[in-house]
Each structure stands twice: as structure tokens, then as C-alpha cells.
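Have a look at it first, then work through the solutions step by step.

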Amino acid sequence: MDGSESSAPQQAQVVAVHPAVEPLSYLLGTWRGQGEGGFPTINSFKYGEQLNFSHPGNKPVIAYSQKTWKLNSGEPMHAESGYWRPKPDGTIEVVIAQSTGLVEVQKGTYDAEEKVVKLHSELVGNASKVREITRVFKLVNEELVYVVEMATSLNSLQPHLKASLTKL
């Protein structure tokens, strides 16, 4: 060695959680499980899913990514990513970009004691048919469960997706 390289093993750096993110820190990490979906205009289906919530520590934001796949073949189905910005007053702002080209700007509330996040779309962009999306995430018996409802130009707000995920 020429002295410019360290022979000591690198230590994993523990990142402190930003105070604004602390109430939602139970979400941080990778979650995996299964879900099912349907809507009046499509056939019902089941899927595998992985969600990842990460946090840089120095900013009041959670990075979010999601991917789903067909259970029987593993073929990719859907993906989305974005950012969650919790506020100290119990409100939250979320932006999500989907692999379909649809973009959501959502606002909502969170309850740190009940471990529930409720989101409602303020804007759904680049969607000719989707008018509204709501999402509710809740930690139940150490599983993250969610329900997504959707409204289109042809259908009022109604259930579209639901899943149950376990932290890896």
C-alpha cells in the first residue's frame, strides 16, 4: 500500500432522523408483501409488491419508491417514486410519479400514535381519465396495510388497490 488507502474497514454510518420525519420513522425501510386490485373497467388481479422509504437524515423528507409484479411470473407491473414531506402540525405533502406517466400531488394528515397516513390528491397530472386518488396507509400488528381509491371520468371514487406488507 502506498499510504493513501486506509486498511481499516469502513464503518456503517448511522444517520440521525430529522425531527420532522421522526413521527413517521416507523415507515423507514423496505416492506414487501402482496396486494389485490380491481376497478369497474378492469379485471381483478393480485400482485407482489415492494415499498421502500428512505431518509437522508439532514432534510425533512422521506424518499418513497414502489414496484409491483405478477405473482405467477414475476413480470414487472407498475412502479412509482416520489417524496413525502411531513410537517410538525400533522399534515403531509406528497409527490409521486408513476411509470405510466401519471403524476400525483397529494396532501393529507398523519397520526403518529395511531400510525396512520391519509392522503388525498390535490392534482393528478397527465391523466386523461384519472381525476382523483386517495391513499390510506396504516401499521396494523407490525404489517403496513394500505388502500388506494380512485375516481375516473367514468367512475366515482371507489376502491382500486389494497395490500399488506411486512418489513424486511
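**Exercise 1. Find the polar partners of R135, then decide whether R135 is buried or exposed.**

Step 1. Start with E104: its side chain and that of R135 are joined by a polar contact of 2.6 Å. A polar contact here is a pair of N or O atoms within 3.5 Å; within protein, one must be able to donate a hydrogen and the other to accept it, and residues adjacent in sequence count only if both atoms are side-chain atoms.

Step 2. Now look at E80, whose side chain makes a polar contact of 2.8 Å with the side chain of R135.

Step 3. R135 counts as buried because its relative accessibility is 6%. (Buried means under 20% relative accessible area, exposed over 50%, partly exposed in between, with a 1.4 Å probe and protein chains only.)

A word on the ground rules: this is a predicted model, where local features need pLDDT of at least 70 and side-chain atom pairs count only at pLDDT 80 or more, while totals for chains, interfaces and linings use all residues. Residues are numbered from 1 along each chain as its sequence is written, and side-chain values use heavy atoms, leaving out hydrogens and water.

**Exercise 2. Which residues have the most contacts inside the largest nonpolar core?**

Step 1. This core has 32 residues, and F53, W84 and V117 have the most contacts inside it. (A nonpolar core is a set of buried Ala, Val, Leu, Ile, Met, Phe, Trp, Tyr and Cys residues joined through side-chain atoms within 4.5 Å.)

Step 2. Not counting residues up to four places away in sequence, V117 touches several residues, including W84 and R135. Touching, or contact, means heavy atoms within 4.5 Å.

**Exercise 3. Where is A163, and how far is A163 from A127 in space?**

Step 1. Look in strand β10 for A163.

Step 2. A163 counts as buried because its relative accessibility is 8%.

Step 3. C-alpha to C-alpha, A163 and A127 are 24 Å apart in space, and they are 36 residues apart in sequence.

Note on methods: Helix = DSSP H or I, 4+ residues; strand = E, 2+ residues; numbered from the N terminus.
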